[in-house]
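Notebook open, structure loaded. I want to look up the pocket, the ligand shell, the cavity and the aromatic pairs, in that order.

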Amino acid sequence: MNNFIKNIKNNKYLFVINLLYFALGIVNINFALLGFICMMLPMYLLIKTNKKTYCQGYCPRANLYTKVGKSTNKYSGKTPKYFINGNMKWIMLSYFGISLFFIMMSTIRVSSGLMMPMKSLRFLILFTVPFEMIQLIELNNILPWITHLSYRFYSMMMTTTVIGLVLALIYKPKTWCVICPIATISDVYLKANKKL
Ligand code: SF4
């Protein structure tokens, strides 16, 4: 029991938050909007502390990659150089920006009645996942654009998590962190702040 409490204090079980997020999407997809917290919290802590506080100890996703990656660590290769010095992080940031743009625009179109909500998951924006998402609870009176936004957001979280997991299995556990859009934005912010 003491060990368990100690592990909670050391943030060893942060990965559970990540698993819980995806599980909640199966309970009802509208819970996917909780993912906005994962996006806003790193930025809030960055601005407040002027360092990457979230990345340094509170990120459930990084914790998940560490747990999964460590199990195959002895077989893993080195992180490719183009991840560290090359354009990969900018490509990933562009994907993130384009995804958010599509999510925003399509949500506006759904809320204006110009298109039907897309109630399916997509991988990398383009590829429709070939199965329907199980929904354990139906919530009534949810506006169609909220459900659309939830599916789109869940898809983005699923895509980046899967990519990160694959990288964790092939390379080092936290390879995703090298190209994570949150880290790239944080680095740009800290660099700009230093110059002021
Ligand atoms: S770089 Fe991204 S995945 Fe890694 S700790 Fe920071 S926010 Fe989490």
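Predicted model: local features only at pLDDT ≥ 70, side-chain atom pairs only at ≥ 80, totals over all residues.

**Entry 1, ligand shell.** Which residues are around the ligand? I get Y54, C55, C59, R61, A62, W176, C177, C180, I182 and A183. The elements that give two or more residues to this shell are α4, α5, α9 and α10. I then sorted the shell by class and found nine nonpolar residues, no polar ones and one charged. Arg counts as charged, so R61 from my list is the charged one.

I checked which space the ligand takes, and it is the largest pocket. That pocket holds about 460 Å³ of space. Its lining has 27 residues, and the closest to the pocket centre are C59, R61, W176, C180 and I182. I had already written down C59, R61, W176, C180 and I182 for the ligand shell.

At least two lining residues come from each of α3 (35-49), α4 (53-57), α5 (60-70), α7 (88-111), α8 (144-170), α9 (175-179) and α10 (181-195). Which element gives the most to this lining? My answer is α10, with five residues. By class I note 18 nonpolar, four polar and five charged residues in the pocket lining.

The largest cavity has about 30 Å³ of space. I list P42, L46, K51, K52, T53, Y54, C55 and S186 as its lining. Y54 and C55 are also in my list for the ligand shell. Both α3 and α4 supply at least two residues of the cavity lining, and α4 gives the most, with three. Sorted by class, the cavity lining comes to four nonpolar, two polar and two charged residues.

I find eight aromatic pairs in the structure. One of them is Y21 with Y154, which is stacked at 5.8 Å centre to centre with 25° between the planes. This pair links distant parts of the chain, as Y21 is in helix α2 (residues 15-27) and Y154 is in helix α8, 133 residues apart. Buried or exposed, I asked of Y21? Y21 is buried, because its relative accessible area is 8% and the cut-off for buried is under 20%. Y154 counts as buried too, at 5% relative accessibility.

Next I looked at F36 and F153. Their ring centres are 4.2 Å apart and their planes are at 25°, so I log this pair as stacked; the cut-off for stacked is under 30 degrees. F36 lies in helix α3 and F153 in helix α8, so the pair ties together parts that are 117 residues apart in sequence. On accessibility, F36 counts as partly exposed at 29%, whereas F153 is buried at 0%.

Methods
Residues numbered from 1 in each chain as written. Heavy atoms only, no water. 1 Å grid on protein atoms, 1.4 Å probe; cavity = no way out; pocket = protein on both sides within 12 Å on 5 of 7 lines; lining within 4 Å. Points joined across faces, edges and corners; volume = space filled by probe spheres on them. Helix = DSSP H or I, 4+ residues; strand = E, 2+ residues; numbered from the N terminus. Near = heavy atom within 4 Å. Sits in = over half its atoms within 2 Å of the grid points. Phe/Tyr/Trp six-rings, centres within 6.5 Å; stacked < 30°, edge-to-face > 60°. Buried < 20%, exposed > 50% of the residue type's maximum accessible area, 1.4 Å probe, protein only.
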